Amino acid sequence: MIVITTPTGGIGRQVLDNVLDTLDDGAAVRVIARDPARLTPRARARAEVFRGSHADPDVLAAACTGADQVFWLVPPAPGADSVEGHFRDFATPLCDVIARRGVERVVAVSTLGRGVAENAGPISASLAMDDRVAATGVHYRALCPPFLMENLLGQAAALRATGAFRMAYPADRVLRTCATADIAATAARLLLDGAWTGRADVPLVGPDDLTPEGMAEVLSEVLDRPVRMIETTPEEYRTSALRFGASESGAQGLADMASAMADQDFYGKGEPSTPDTAPTSFRRWCEEVLRPAVLG
């Protein structure tokens, strides 16, 4: 039995699709969804659906009864009162379920930066969650990507209107990237494999060593128009997040993350690419995903 959280989200949806593509029709898959109406018709037909949040202990316990494997992702919540508290609210019921329901394996979306990142907002909170869950003794795989290419989708309208995107990161420093499709493919492969044991991080680092300025050059070629990157400060990032509805804690967490990424460089050139887990290039992603979003 496989339980998949966030099955309507950007990564969870792809994980569910990959698992359903592989399993026989009679195989058991469960999903936890706040809004089951957002599931695809195939997902509603093939998976057992539990309505609610996987931060709800009762919902999670019901979904995980008799389950062997769990795909785990803490959804972003920039409006949360506390970044650390948000991750703790999800980790606590998961640790309970592992102890009480006999879950054997957890595949979780985490981040690069272990042993390096300090005071890095949601990055630090995610890494701390890994430690807490793994301490239960469950077999654990933390999927560790750097900067997600899909983060740029939120700037599709700006790219269309102004030919520019903003980033709180040095324009001339390498920023390693990963496509969410590669995260989902790796997660599904692990969920369908009942042989791995112990705890391990699984890096997912794409093949490029582009700076944000280099990304702008690729975007210019793919979109067939000039594109420029506007370098912003962590404080400007914080102010923008507040303007779009983040809480004080959430906005400060994002600013702390941006500062740590720049100062500690754990998403930078020192991270080798991992072609087995993250084969998608930035150019290919731009051609297949971003270009349609920008050009319509």
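**Figure 1. Overall view of the predicted protein model.** Of the 296 residues in the protein, 52% are buried, where buried means under 20% relative accessible area, exposed means over 50%, and partly exposed lies in between (1.4 Å probe, protein chains only). This is a predicted model, in which local features need pLDDT of at least 70 and side-chain atom pairs count only at pLDDT 80 or more, while totals for chains, interfaces and linings use all residues. Residues are numbered from 1 along each chain as its sequence is written, and side-chain values use heavy atoms, with hydrogens and water left out. The protein contains eleven helices and eleven strands; helices (H or I, at least four residues) and strands (E, at least two) are DSSP runs numbered from the N terminus. Along its principal axes, the C-alpha trace spans about 55 × 35 × 35 Å.

Figure 2. Asp208 is found in the loop between β10 (199-203) and α8 (212-223). Is Asp208 buried or exposed? Asp208 is buried, yet has no salt bridge, a salt bridge being a side-chain nitrogen of Lys or Arg within 4 Å of a carboxyl oxygen of Asp or Glu. The nearest side chain of opposite charge, Arg176, is 7.3 Å away; Lys and Arg count as positive and Asp and Glu as negative, while His and the chain ends are not counted. Not counting residues up to four places away in sequence, Asp208 touches Arg176, Thr177, Ser281 and Phe282, contact meaning heavy atoms within 4.5 Å.

**Figure 3. Close-up of the Asp17 and Arg42 pair.** Side chains of opposite charge can pair when their charged atoms come close. The whole structure holds 13 salt bridges. One of them joins Asp17 to Arg42, with the closest N and O atoms 3.5 Å apart. Asp17 belongs to helix α1 (residues 12-22) and Arg42 to helix α2 (residues 41-46), so the pair ties together parts that are 25 residues apart in sequence. Asp17 is partly exposed at 23% relative accessibility, and Arg42 is partly exposed at 33%.

Figure 4. Arg283 forms a salt bridge with Glu221, the closest N and O atoms being 2.5 Å apart. Because Arg283 lies in helix α11 (residues 282-295) and Glu221 in helix α8, this pair ties together parts that are 62 residues apart in sequence. Arg283 is partly exposed, at 34%, whereas Glu221 is exposed, at 52%. Glu288 and Arg284 also meet in a salt bridge (3.3 Å, N to O). These two residues are four apart in helix α11, which means that about one helical turn separates them.
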